[in-house]
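Thanks, everyone. Let's take a quick look at one structure. Here it is.

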Amino acid sequence: MTNRISRRDLARAACAALVLTASGRPGRDARAAGSEPGSQPKADSWHLDLPPEMIVKSWVQEDLADGEVASWQSGGVKPVAAVQAEPSLRPTKLPNNGGVLFEKGTKQALAWAVDNDAPYLHRWWVVIARCNSAVNAVANNVSVLCVNGAEGGSLHRQPRVCFKPRAGTFVSQLHDGKLKGEEGQCSTDFGDWNVMVGYRRGFVMQAVVNGVKTAGQTIYALASNRMKSQSFMGDVNDPMRADVAIDCVIIGQSELDDSQIDMLMGWGMWRVGRQSALPDDHPYRQSPPSAVDANSKPARYAFDPAFWASWAAIGNERYAHRGEAASPISGYTTVFLDDFDSNTVADDSKGAQGSIWYAPTHLAGIGVDADAQRISASPSSYVHDPASHTLALRLLNNGRWRTGAFSSVNNNGQGRCWGKGIFEIRARLPKIAAPRPGFFPAFWAYGKEHLFWRTRNRLETDFWEYDGLNGAYINISQHVHKPRLGYADPQVAAHDVHRKIAGYQIDPSNGFPETIDIYDGEFHTWYAQIEDDYSYFVIDGYEVARVPTTPELTAKKYIMVDFAYDENKGQAQPDPSQTYDMVIDYIKVRQTEADLVRIPPGFSALPAFSGKASPGQALTVAPNVIASQIEYLWYRDGIPIVGETGTSYELSSRDVGHKLRCHVRAVSVLDQPEAWTPESKTVR
């Protein structure tokens with residue numbers, strides 16, 4: 001192919017390569033700590049092949065031959081080729097590890113298709129690039145990378161990376177409804193590579209540029225791209241404002257802990273020979289990362305087919321006590337209670353860290369034949385009654401059927417989750433005689449992991465769900481769904497498996513004192529009690545089933561509630577002139593006192609309060625964990641205090657007669673350990 005780069009630029013690149021090799025920047029010393037391009041890394045060196053499941057897409061320059069680049073194939077669990085069909089717009093791979101050059105004044109670019117899963121998959125990125133800033137000092141927004149952004153505008157930056165020569169910075173951007181950027185100082189010398197590790201973790205987005213961390217800022221849920229807007233390196237929208245060369249682009253899943261960020265930065269700076277530019281206190285300034293530890297292997301759910309088969313074969317043992325009064329609950333503390341004194345449902349794209357419920361959740365089609373609508377829709381499907389302190393999910397017809405659904409996390413996994421414990425709801429369904437429409441209410445949970453690891457199984461526990469065919473027939477199920485992305489690992493179930501924990505009528509024929517038909521217009525109470533050995537499922541104080549507790553049941557999970565309509569699950573059509581309400585009185589989570597006083601790994605002790613429990617005074621949390629990023633959630637007698645997410649809370653008259661507690665999560669530590677403070681004294 002014809003080389004499109006000018007003789008001037010080829011000469012400049014060749015001179016730069018000679019200078020760099022002599023100075024030890026990206027030449028000889030850059031590869032001394034790791035591997036030569038195309039060779040295997042040293043056995044004792046940390047390298048990107050060690051955490052392969054974390055990497056979604058990766059482009060590295062050593063995979064290319066020198067000269068014009070028509071296609072650059074990525075690695076990773078979701079590989080894609082970045083391509084350029086038009087020869088005049090192709091960048092050039094420079095010799096001597098000079099990177100892939102995108103020339104000033106051109107629209108040279110390598111592009112790939114939109115990725116609608118980017119909000120879940122693209123949680124961190126490493127970009128190593130250099131920009132000819134010194135001779136383009138007035139330039140701004142010199143594009144390097146843009147995911148889902150070829151249509152222009154800022155809406156779908158998931159992420160975007162650019163240089164700002166005018167400010168001398170290397171910039172990382174995301175869009176959560178507003179364009180948000182973090183930038184760090186970079187070298188303006190075209191001979192120097194710059195290393196960026198950008199990431200979002202919890203409710204914070206940050207970047208590390210050449211070893212220096214940015215201040216960070218709050219970021220909310222990213223929306224999936226509905227514009228079918230392609231991604232690119234270089235620039236498809238405007239001519240490049242300066243020459244840019246790319247060494248590598250790596251995009252990964254999961255939330256990085258600080259040790260992983262340090263490893264990625266250390267690896268990158270040693271890769272390009274700029275380790276001496278790292279801050280003096282950086283752990284890899286003197287030597288590159290060289291060991292694999294637990295940080296390269298964060299905890300993940302492992303499917304055990306033999307254990308699953310033995311659990312699934314339990315048979316009628318699970319019904320040995322059905323219809324009997326459930327055992328009294330003791331040794332538990334309420335850690336979460338929403339009794340709907342107010343409407344606590346927030347828009348799932350706007351809800352903040354302290355929000356309680358997010359709607360309509362991240363699940364497309366959760367309402368089946370009714371669209372689950374947003375909070376702002378009119379008429380609303382989220383109807384709060386301040387007199388009765390209830391929230392109704394309303395099924396209504398406004399040209400087509402619409403309904404409500406909410407979750408304790410938003411569509412990016414930000415929010416509240418729990419492992420073991422008692423998950424309880426008190427609710428009322430419409431009073432309606434058979435034959436009924438295909439109502440499909442449910443109180444259920446998903447394991448949190450699938451939102452951060454798209455290669456891992458999605459765990460679903462249906463605490464209960466009903467249809468419109470039979471209001472006395474309860475369904476309780478456990479599912480292990482195949483992952484969003486196929487990944488060859490013996491610990492991942494490649495196909496869906498499920499087990500019905502209970503599926504029968506709640507009536508005298510099955511040992512109950514009376515029939516419980518949920519379409520009687522009365523409130524009923526359901527709970528699942530997940531303990532170390534057994535898990536119990538209860539309705540109105542009567543046991544429905546019990547099964548041995550499995551890893552699937554104890555997984556960190558988030559609650560979901562919905563009132564779906566499935567015309568196949570009923571024997572009549574709903575009246576479009578009517579509305580149908582699932583009225584919720586409260587939702588409660590309790591955990592054992594023994595679990596609450598257990599000190600998790602990473603904590604030196606339980607978080608502790610200081611301060612006096614009196615109005616006008618403040619309670620302050622000593623987290624007792626060393627972490628750069630910590631999330632705090634405050635509760636009053638188990639009821640979340642919306643908006644309180646700081647280390648201190650100023651008590652008021654509202655707190656009198658109550659006890660306070662704070663939940664602490666070390667977001668930046670391996671596996672994100674979390675713990676509770678003991679309850680405060682009663683506020684007086």
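First, a caution: this is a predicted model.

Start with strand β30. In this strand, N475 is the bridge partner of E465. That bridge brings in a neighbour. Strand β29, residues 458–465, pairs with β30 in the antiparallel sense, over six bridges. Strand β31, residues 497–505, pairs with β30 too, again antiparallel, over eight bridges. Here Y473 stands opposite Q505 in β31.

How many of the nine residues of β30 are buried? Eight are, so the strand, residues 473–481, is largely enclosed by the rest of the structure.

Now the aromatics. The structure holds 28 aromatic pairs. Take W308 and W311: their ring centres are 5.2 Å apart and their planes sit at 50°, so this pair is tilted. Both belong to helix α5, residues 305–312. They are three residues apart there, so about one helical turn separates them. Both W308 and W311 are buried.

Compare W418 and F423. Their ring centres are 6.5 Å apart with planes at 75°, so this pair is edge-to-face. W418 has a relative accessible area of 3%, so it is buried. F423 is at 0%, so F423 is buried as well.

Last, charges over rings. The charged end of R300 sits over the ring of W453, 4.6 Å from its centre. K588 lies over the face of Y586, 5.3 Å from the ring centre.

Conventions:
Residues numbered from 1 in each chain as written. Predicted model: local features only at pLDDT ≥ 70, side-chain atom pairs only at ≥ 80, totals over all residues. Heavy atoms only, no water. Buried < 20%, exposed > 50% of the residue type's maximum accessible area, 1.4 Å probe, protein only. Helix = DSSP H or I, 4+ residues; strand = E, 2+ residues; numbered from the N terminus. Pairing = 2+ DSSP bridges. Phe/Tyr/Trp six-rings, centres within 6.5 Å; stacked < 30°, edge-to-face > 60°. Lys NZ or Arg CZ within 6 Å of the ring centre and 35° of its normal.
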